[in-house]
Amino acid sequence: QQEVGAIMRNELTPIQQVSNIYLKRDDLWEGQAPGRGAKARTASAVCERAIEHKVVELCSNHDRNSSVPGMLARVCRYYGMGLHLWLPAAREALPPVFEEARANGAVLEQISPGYMSVRKKRMEQYADTRTRRVILGVGLSWHGCGRSETVTQTSNVRSLIVSGQVKRVVIPVGSGVMFSA
């Protein structure tokens, strides 16, 4: 492990020390695929497992305000994995993250009415009629994929707790999928 400025780096998610507070900077995690952060780590794990299982396309359902589609498409493109996204139809132009997803090879399905239940049903109908397609759940979840990677990534925090350097851990939680690991 080496210290770079105030950020300790190694193969794990960087930890930044600010005064007597350590910040686990999942937003700074970078893998080989062109994406940053915990979701990119999960997307990479999903793609790697999908390739092992001979999956050809990932199917994912997102709201128009999601920050994930562009990153997910970049990671899928890096791994040569197809990506099909379902989103609510709207009169407004596509948000930039969906334009980025399209530019990186994702197929977009704009569904009206755009209720989550309708989009989910259409996605399931699509995936069920084709072979080697995988439906990603909330937080890019797919059969626990990404959990072991998250456990590995938290080992540096655990070592700080065990050594007595850290007495309390505060965790911001999004969908909670990785928190469960």
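Which residue in strand 7 is the bridge partner of His84? It's Val107, and that pair is a handy way into this predicted model. Strand 6 and strand 7 run parallel and are joined by five bridges.

- Four strands make up an open sheet, ordered 7-6-5-8, with parallel pairing.
- Strand 7 (107-111) and strand 8 (133-135) sit at the edges, each pairing on one side only.
- On average, and ignoring direction, neighbouring strands here are turned by 20 degrees against each other.
- Helix 4 packs on this sheet and touches strand 5 (57-61), strand 6, strand 7 and strand 8. Its direction makes about 165 degrees with that of strand 5.

**Arg119, a buried arginine**
- Arg119 belongs to helix 4 (residues 116-128).
- Why call Arg119 buried? Its relative accessibility is 2%, so it counts as buried.
- Leaving aside residues up to four places away in sequence, Arg119 touches Asn61, His62, Asp63, Trp86, Leu87, Pro88, Ile111 and Gly114.

**Helix 1 against helix 2**
- Helix 1 (residues 38-52) and helix 2 (residues 69-79) have axes that come within 9 Å and cross at roughly 35 degrees. The crossing is right-handed.
- On the helix 1 side, the contact uses Lys39, Ala40, Ala43, Ser44, Cys47, Glu48 and Ile51; helix 2 answers with Met71, Leu72, Val75, Cys76 and Tyr79.
- Sorted by type, the residues of this contact come out as nine nonpolar, one polar and two charged.

- Gly70 is part of helix 2, and because its relative accessibility is 0%, it counts as buried.
- Gly70 and Ala101 are 31 residues apart in sequence, yet their C-alpha atoms are 4.3 Å apart in space.
- Besides Ala101, Gly70 touches Val97 and Glu100, not counting residues up to four places away in sequence.

**Nonpolar cores**
- The largest nonpolar core has 31 residues, and the members touching the most others are Leu58, Met71, Leu72, Leu83, Leu85, Leu136 and Trp142.
- Helix 1, helix 2, strand 6 (82-88) and helix 3 (96-103) each put at least two residues into this core.
- Another core, of six residues, lies apart from that one; Trp86, Ile111, Tyr126 and Ala127 are among its members.
- Two of the residues in this six-residue core, Trp86 and Ile111, also turn up among the contacts of Arg119.
- What does Trp142 touch, not counting residues up to four places away in sequence? The list runs Val46, Arg49, Ala50, His53, Val55, Val134, Ile135 and Leu136.

- The Ser112 to Pro113 peptide bond is cis, with omega near -5 degrees. Pro113 sits in the loop between strand 7 and helix 4.
- Arg132 isn't a glycine, but its phi is positive, near 60 degrees. You'll find Arg132 in the loop between helix 4 and strand 8, and with a relative accessible area of 49% it is partly exposed.
- Leu140 also has a positive phi, about 65 degrees, although it is not a glycine. Its loop runs between strand 8 and helix 5 (147-153).
- Is Leu140 buried or exposed? At 2% relative accessibility, Leu140 counts as buried, whereas Arg132 is partly exposed.

Technical notes:
Residues numbered from 1 in each chain as written. Predicted model: local features only at pLDDT ≥ 70, side-chain atom pairs only at ≥ 80, totals over all residues. Heavy atoms only, no water. Axes fitted to C-alpha atoms, helices over the stretch in contact; angles between N-to-C directions. Left-handed = near helix turned anticlockwise from the far one by under 90°. Contact = heavy atoms within 4.5 Å. Nonpolar A, V, L, I, M, F, W, Y, C, P; charged D, E, K, R; others polar. Core = buried A, V, L, I, M, F, W, Y, C linked by side-chain atoms within 4.5 Å. Buried < 20%, exposed > 50% of the residue type's maximum accessible area, 1.4 Å probe, protein only. Pairing = 2+ DSSP bridges.
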